[in-house]
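Please read this short report with the sequence and the 3D structure beside you.

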Amino acid sequence: MAQATQEFGEWPLKRLMTEVVGSGPKSADDMSREQAREAFQRILAGEPDETTLGAFWLANRWKRNNPEELAAYTDVMREESVVTAEPDADPVDCGANYDGKDTSAILGVGAGVVAAAAGTPVVVHSGDYVPSQNATAYKHVLEELGVRTELEPTESADMVDETGFGFYYQPAFNPGIDDLFDRRDEMGVRTFVNTIETVANPANADVHLGSFYHLAFAKKLTDLIKESDRLDYTRAIFFQGMEGYDDIRPGYTKVAEWDQVGDDGDESFEDYEIETAEYGMDMERDDLAVDDMAADSASITEAVLGGEREDHFADAIALNGAFRMYARQDVDSLAEGLEQAREVIADGSAQAVLEELRAF
């Protein structure tokens, strides 16, 4: 984490507001990489006045950050805040929106456990009621399931290697971002911090599975990865999840898939759709709604993993588990992954992973 006594360049946030980003959504200029780096170094060091910081965050929201700016913020975060702990396994990094969900069940815990049982290691990470929604996230569902969540990064890496599923806790692995909690909470709206924290990659994974609210943002996120000097993803899949989370929507889900091909900078990018009806799943968003987000998500997850439910929730968890297998290229298609997902639920393997997590 940056220190308040460190030396900076010539671009305090107030000057950036006055000369670059603060003139409004239509006339503001983009920052150079160096300017964006210095801005976030100052923020992590606690240097800006609270009013100036809020204005800077809002100006960035108005003008919309380009990939170079987001990559600069991400690189500073990775350099000065993120504490990585790399498991021996090479997991899929699942970076759901940290501010959580407040309507539909969180399926990613069950999906991750199913994928782990099928041989695809999975890492998830979240904070604790993060702004701006301050809603339910991975941590709260895991706690309801009796899984320890307030882990140091090395413990999280051990969890991956021992069970196939690992949880990284933001205050432990990304303390600089956690220190911004109160200021973000006072903003009342999402900032660019909500974007970059999802690609913190505490396990140094090669594959990222992330979510977005709008398709255009998926291309910006893949460009962020390409522009970053500190992210080593070679494959990333972003999709339009329920409530912006990493759960496939019932019905129609838009997906963007990016791959780095070789070491010479070649890449591939495609977008496509997932129709749940094609997999025999006739369900709508309301079918996955719950009342008590954490408790209901946990009880549903436990019942599905134990083979006690064969309903829309069971279908959704199996399909999302298959998507994690596909993201890591452990299966050639979602259909193949779905078959494996249902097998590990039926034979008790998924339930066994959950018990291992509880015993960790």
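The report turns to salt bridges, then to a surface patch, and lastly to the annotated span.

This is a predicted model, and the structure holds 30 salt bridges.

| Salt bridge | N to O distance | Relative accessible areas |
|---|---|---|
| Lys63 and Glu69 | 2.8 Å | Lys63 10%, Glu69 0% |
| Lys139 and Glu143 | 2.2 Å | Lys139 1%, Glu143 37% |
| Arg328 and Asp330 | 2.8 Å | Arg328 26%, Asp330 33% |

Lys63 counts as buried because its relative accessible area, 10%, is under 20%, and Glu69 is likewise buried, at 0%. Arg328 is partly exposed, as is Asp330, its partner in a salt bridge. Elsewhere, salt bridges that share partners join Arg33, Asp75, Glu227 and Asp229 into one network.

Which residues gather in a patch of negative charge on the surface? They are Glu86, Asp88, Asp90, Asp158, Asp161, Glu162 and Glu356, and helix α7 (residues 153–163) provides the largest share, three residues. Glu86 sits in the loop between α4 (67–80) and β1 (92–95), and it counts as exposed because its relative accessibility, 53%, is over 50%.

Finally, the unreviewed UniProt entry places the feature "domain: Glycosyl transferase family" at residues 108–350. This span is 43% helix and 16% strand, and its end C-alpha atoms lie 13 Å apart.

Key:
Residues are numbered from 1 along each chain as its sequence is written. This is a predicted model: local features need pLDDT of at least 70, side-chain atom pairs count only at pLDDT 80 or more; totals for chains, interfaces and linings use all residues. Side-chain values use heavy atoms; hydrogens and water are left out. Patches are made of residues with over 30% relative accessible area and no salt bridge: like charges are joined within 9 Å, nonpolar side chains (Val, Leu, Ile, Met, Phe, Trp, Tyr) within 5 Å. Accessible areas come from the Shrake-Rupley method with a 1.4 Å probe; for residues, only the protein chains shown count as cover. A salt bridge is a side-chain nitrogen of Lys or Arg within 4 Å of a carboxyl oxygen of Asp or Glu. Lys and Arg count as positive and Asp and Glu as negative; His and the chain ends are not counted. The place of a charge is taken as NZ of Lys, CZ of Arg, CG of Asp or CD of Glu. Helices (H or I, at least four residues) and strands (E, at least two) are DSSP runs, numbered from the N terminus. Buried means under 20% relative accessible area, exposed over 50%, partly exposed in between (1.4 Å probe, protein chains only). UniProt positions are given in the numbering used here, feature names are shortened, and annotations may be inferred rather than shown by experiment.
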